[in-house]
Protein chains: 2
Amino acid sequence: MNLASTARGTGHSTMEDVAQLAGVSLKSVSRVINAEPHVSVKLRAKVESAIAELNYVPDTAARSLAGSRTFIIGLLFDNPSPNYTMNIQKGVYEACRANQYHLRIDNVDSTAPREEFEAQLLALVRNSRCDGFVLTPPLTDDLVLLDFLDQSGIRYTRIAPASEHGRSPGVGIDDYEASASVAEHLWALGHRRYAIVRGPESHLAGARRRDGFVDALHKLGLDQPVIEVDGGFSFEGGIHAGTEIIGSDKLPTAIFATNDDSAAGIMAACSQAGVRVPQDVSVCGFDDSWVARSVWPYLTTVYQPIEEMGRAAASLLLRRDEPENGLHRLDFHLVVRDSTAPPRS
Amino acid sequence: MNLASTARGTGHSTMEDVAQLAGVSLKSVSRVINAEPHVSVKLRAKVESAIAELNYVPDTAARSLAGSRTFIIGLLFDNPSPNYTMNIQKGVYEACRANQYHLRIDNVDSTAPREEFEAQLLALVRNSRCDGFVLTPPLTDDLVLLDFLDQSGIRYTRIAPASEHGRSPGVGIDDYEASASVAEHLWALGHRRYAIVRGPESHLAGARRRDGFVDALHKLGLDQPVIEVDGGFSFEGGIHAGTEIIGSDKLPTAIFATNDDSAAGIMAACSQAGVRVPQDVSVCGFDDSWVARSVWPYLTTVYQPIEEMGRAAASLLLRRDEPENGLHRLDFHLVVRDSTAPPRS
DNA sequence: CCTACCCATGACATGGCTGTCAAGATTGCG
DNA sequence: CGCAATCTTGACAGCCATGTCATGGGTAGG
């Protein structure tokens, strides 16, 4: 093992060390590192072996000071669901690693008063030199933020944006179609009395899911209204929603919760009230998050490739060529587990 | 609103702009920014108002190139539990913000073969210029990593380390005592037949919990062995463990799962087998994570201030003066909810 | 009133890399 | 074989802060 590093106790070797060892100029080393054109094979080889020998790693700070890139991507989130966020983060992180980028995270708190929240957000974005942001819902649809980013010319991509598709590249699934597939599954099982548990209003994707589900049911021939209750995308909200639904006159035979957390809450409310899932009522979630397999019975839900979405969003950001605006659609699919079954006659 | 920023389309004003506007030297601005001594009140005021007017924010890259600090903290994790990790992350993030630092995350994958895993880890740590790392379990107890960090003189603090307390500052709760409090709770309820669900072997804190629980029970007078099963700290592991326990000759009346995820798995296994919680068996978890309130009945568990631990670990790292090595203990407490009750008969 | 010293301030070099431009080497073609 | 065009390489300035050291004014003590 070579302890590498010359002189000055920094412990790091610099580009100059590499240049010297390889017997070439500073700039040539730079060219090799950045894979610039016009470098002879021979020179490249010399430099590369010198780099390897010295265990050289370019200094990010110096690179970003001199150049125009920072080699940092910011992940901006304000998401109450740790599972979802963690998955996104993982995907974004991997894309960063693969491109020698670093991932910085920035967390905003949307429970703060709107005014304070906006100040927080803008300060964050303004101060933070980075090559771009990945936005997660519901920030993806925050017009103040989007306007600011667009005006400042700061690049960004969005994960599962529900509106403003023309403004930036985004990745996501088709929430409308996905929810329609839930409707079809439940309809095929024979259900005819439905309830839906909605997400928070700020979360536009939730609205898309609601529409996809309800529209599909009516298209399939449902002739009565779907009971609609708010569940706030949380377990607790799900419990409340579940309790409300169970207490209603005509207990539906199938409940679609527009995310897994609230579906878990529904199931808890059922178990509390002695209503059996799926014998008495079928429950379906959305996300196929970690919770879906942390409840009993395992939850029927819509799988969306969350980690992959993170990866894709970061990759779009990292491409040197400007990617096309608009939503890049990824595949979803229904995962049928144990929480849905035919209604008892 | 002042659009700030002078000249060159960078959109950012530099220290020079500030110096000019304030009519002082570059260095004086630097002094104000870094709160260095020997600055007159008058000068400081001038500079500060210029900073405000220009909306100036120091360039991190330049600062770290010129100075010795990077203004970045790295959070290194390899943790299967999204809830736990997310909480830590939040705490660390807040401490960073409060100190004008940025948080970079680095995620390693311990499911990779050990050799590859180590290479990954060391490359990460070596390449990444930052002012220090916050380590989460089980990385906190990885001797190869610790040795490398110590040798390289890279600063770090650890969250919930289970060993090697002398090597660096760490924060955590007393897992041994915390588990003893679980034992006392269950004993006081009248339970006399116990099972414990252990964590993965690599997770030394899990072992501490096991010891604290078992020792306390014997001290309280338990005269028979505690059934011990592995649960791997995961929901699935909990299901397996639960199934195994339920299938055993003498069903215990109380089960202590050493984290919440496996406790949730236990409860799922119970519900699956028709064993009621808490009537037939009491279940207790550990962590008071998000899952504890995502199961029904709500889980009795040990609260540990995870977010606070993150904050504390980062703060220790950020202090200019070298903090004392050793474990800084934070408070825990038992949260009694609905999954524990006196045994029948 | 002078020396000694401290405080406030500034000038300037420096950090590691990239961008620009120019020079030398090579190639192509009439 | 000569000249233009192209490819390869290098010299050097500059990015924006910080660290070091020098300077000038003020205060204290003799």
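Visitor: How far apart do the C-alpha centres of domain 2 and domain 3 of chain A lie?
Guide: Bear in mind that this is a predicted model, where local features need pLDDT of at least 70, side-chain atom pairs count only at pLDDT 80 or more, and totals for chains, interfaces and linings use all residues; side-chain values use heavy atoms, with hydrogens and water left out. Residues are numbered from 1 along each chain as its sequence is written, while chains are lettered from A and ligands numbered from 1 in the order in which they are written. The domain assignment (automatic or from a database) gives chain A domain 1 (15-58), domain 2 (72-172 + 307-329) and domain 3 (175-305). Between the C-alpha centres of domain 2 of chain A and domain 3 of chain A, the distance is 28 Å.

Visitor: And which residues in domain 2 of chain A lose the most area to domain 3 of chain A?
Guide: Contact here means heavy atoms within 4.5 Å, and 11 residues of domain 2 of chain A touch 11 residues of domain 3 of chain A that way. The two domains bury about 880 Å² between them, 61% of it on carbon and sulfur atoms; that's the accessible area (1.4 Å probe) that two parts lose on being put together, summed over both. Three residues together account for 42% of what the domain 2 side of chain A buries, namely A:Asn83, A:Ala162 and A:Met309.

Visitor: Which element gives the most to the side of domain 2 of chain A that touches domain 3 of chain A?
Guide: Two helices of chain A give two or more residues each to that side, H5 (82-98) and H12 (306-318); helices are DSSP runs of H or I with at least four residues, strands are E runs of at least two, and both are numbered from the N terminus. The top contributor, with three residues, is H12(A).

Visitor: Switching to chain A against chain B, how many salt bridges are there?
Guide: The contact draws 41 residues from chain A and 42 residues from chain B, and the two chains bury about 4000 Å² between them, 63% of it on carbon and sulfur atoms. For a salt bridge, a side-chain nitrogen of Lys or Arg has to lie within 4 Å of a carboxyl oxygen of Asp or Glu. A:Arg129 does this with B:Asp59, their closest N and O atoms being 3.9 Å apart. Between chain A and chain B, the salt bridge count is two.

Visitor: Which element of chain A gives the largest share of the side that touches chain B?
Guide: Among the elements giving two or more residues to that side are H4, strand E2 (102-107) and helix H6 (114-127) of chain A. The largest share is eight residues, and it comes from H5(A).

Visitor: What about the DNA: which residue has a side-chain N or O atom 3.0 Å from a base nitrogen of DNA strand D?
Guide: Counting a residue as near if one of its heavy atoms lies within 4 Å, 24 residues surround DNA strand D, with A:Ser28, A:Arg31, A:Ser40, B:Met15 and B:Ser30 the closest. On the phosphate side, a backbone N or O atom of B:Met15 lies 2.7 Å from a phosphate oxygen, and a side-chain N or O atom of B:Asn34 is 3.0 Å from a phosphate oxygen. The residue with a side-chain atom 3.0 Å from a base nitrogen is B:Lys27.

Technical notes:
Polar contact = N/O pair within 3.5 Å; in protein donor to acceptor, adjacent residues only side chain to side chain.
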